[in-house]
Amino acid sequence: MKDTMSYSRRPDTALLLVDVINSFYDPGHANYYPEVEETLPALASLRDAARARDALLVHVVERHYRGLDDYEFAKLPRHHQDGARDAAFFPGFEPVDRDREIVVPKRRYSGFYATDLDLLLREQRITRVVVAGVKTNVCIRATVQDAFAGGFDVVVPREATNSNRPHLAEASLEDIGRYFGRVVPLAEAEEML
């Protein structure tokens with residue numbers, strides 16, 4: 001029987017970078033908060049490790065259809081519409097042209113809900129995901145919960161996520177570590193890629 005709880009580097013591990021877009025990382029946009037910049041070095045390090053080791057790198061980004069109604073807009077103002085500046089990748093985090101790096105757009109908080117992420121990961125024989133990006137208590141948590149529900153081993157590098165509501169970020173990390181996966185230091189997550 002395969003040990004799915006082994007946390008050494010395996011070729012069946014993918015990095016999911018969640019919402020590394022202008023809306024959160026570029027000052028002046030509605031969802032920007034200064035503490036988000038603390039995640040950038042860790043996210044860059046994970047991105048570089050995934051590329052260097054030819055690990056599957058999935059940019060999971062919120063994209064809504066321009067000009068169309070969306071159920072999420074009942075809770076949040078219209079945002080992240082395809083082609084809008086707030087939905088663009090934050091400079092330096094754009095996908096590069098390589099076979100094992102793709103973009104999966106999402107219209108809800110979770111990268112799995114109503115996307116082909118689950119199918120994609122299974123076709124590539126991925127069994128473990130390293131999930132990083134923003135915000136811990138919203139899109140990271142929703143993505144982690146759905147990954148766990150789908151049977152993936154889940155790892156969240158502590159330094160590679162945060163929130164403008166730190167108490168909710170900490171509570172989410174506690175729940176992730178207790179119920180859905182592991183919260184680990186950055187270096188440990190990098191070794192898994």
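What share of the contacts in the protein chain with a separation of 6 or more comes from residues 24 or more positions apart? The share is 75%. The model behind this value is predicted.

## Overall fold

The protein chain has six helices and seven strands. Along the sequence they follow the order β-α-α-β-β-α-β-α-β-β-α-β-α. The radius of gyration is 16 Å, which agrees with the value near 16 Å for a compact globule of 193 residues. Along the principal axes, the C-alpha trace spans about 50 × 35 × 30 Å. Of the 193 residues, 51% are buried. The chain exposes about 9400 Å². Carbon and sulfur atoms supply 52% of that area.

## Helix H4

H4 covers residues 136-149. Its buried residues are Thr-136, Asn-137, Cys-139, Ile-140, Arg-141, Ala-142, Thr-143, Val-144 and Ala-147.

## Helix H1 and Asn-22

Helix H1 spans residues 22-25 and holds Asn-22. Is Asn-22 buried or exposed? Asn-22 counts as buried because its relative accessibility is 4%, and the cut-off for buried is under 20%. Beyond its neighbours within four places in sequence, Asn-22 is in contact with His-29, Arg-85, Asp-86, Ala-88, Phe-89, Phe-90 and Pro-91.

## Empty space

Rolling a probe the size of a water molecule over the atoms shows where empty space is left.

| Site | Volume | Lining by class |
|---|---|---|
| Largest pocket | about 400 Å³ | eight nonpolar, six polar, six charged |
| Second largest pocket | about 240 Å³ | four nonpolar, two polar, five charged |
| Largest cavity | about 30 Å³ | five nonpolar, one polar, one charged |

The largest pocket holds about 400 Å³ of space. It is lined by 20 residues, and those closest to its centre are Phe-24, Asn-31, Leu-76, Tyr-109 and Lys-135. Which elements give two or more residues to this lining? They are H1 and H4. H4 gives the most, with three residues.

How many cavities of 30 Å³ or more does the structure hold? It holds one. The largest cavity is lined by Leu-17, Asp-19, Val-20, His-59, Val-61, Phe-89 and Phe-93. Five of these residues are nonpolar.

Conventions: Residues numbered from 1 in each chain as written. Predicted model: local features only at pLDDT ≥ 70, side-chain atom pairs only at ≥ 80, totals over all residues. Heavy atoms only, no water. 1 Å grid on protein atoms, 1.4 Å probe; cavity = no way out; pocket = protein on both sides within 12 Å on 5 of 7 lines; lining within 4 Å. Points joined across faces, edges and corners; volume = space filled by probe spheres on them. Nonpolar A, V, L, I, M, F, W, Y, C, P; charged D, E, K, R; others polar. Buried < 20%, exposed > 50% of the residue type's maximum accessible area, 1.4 Å probe, protein only. Helix = DSSP H or I, 4+ residues; strand = E, 2+ residues; numbered from the N terminus. Rg over C-alpha atoms; globule rule 2.2 N^0.38 Å. Contact = heavy atoms within 4.5 Å. Areas by Shrake-Rupley, 256 points an atom, 1.4 Å probe, with all protein chains shown as cover.
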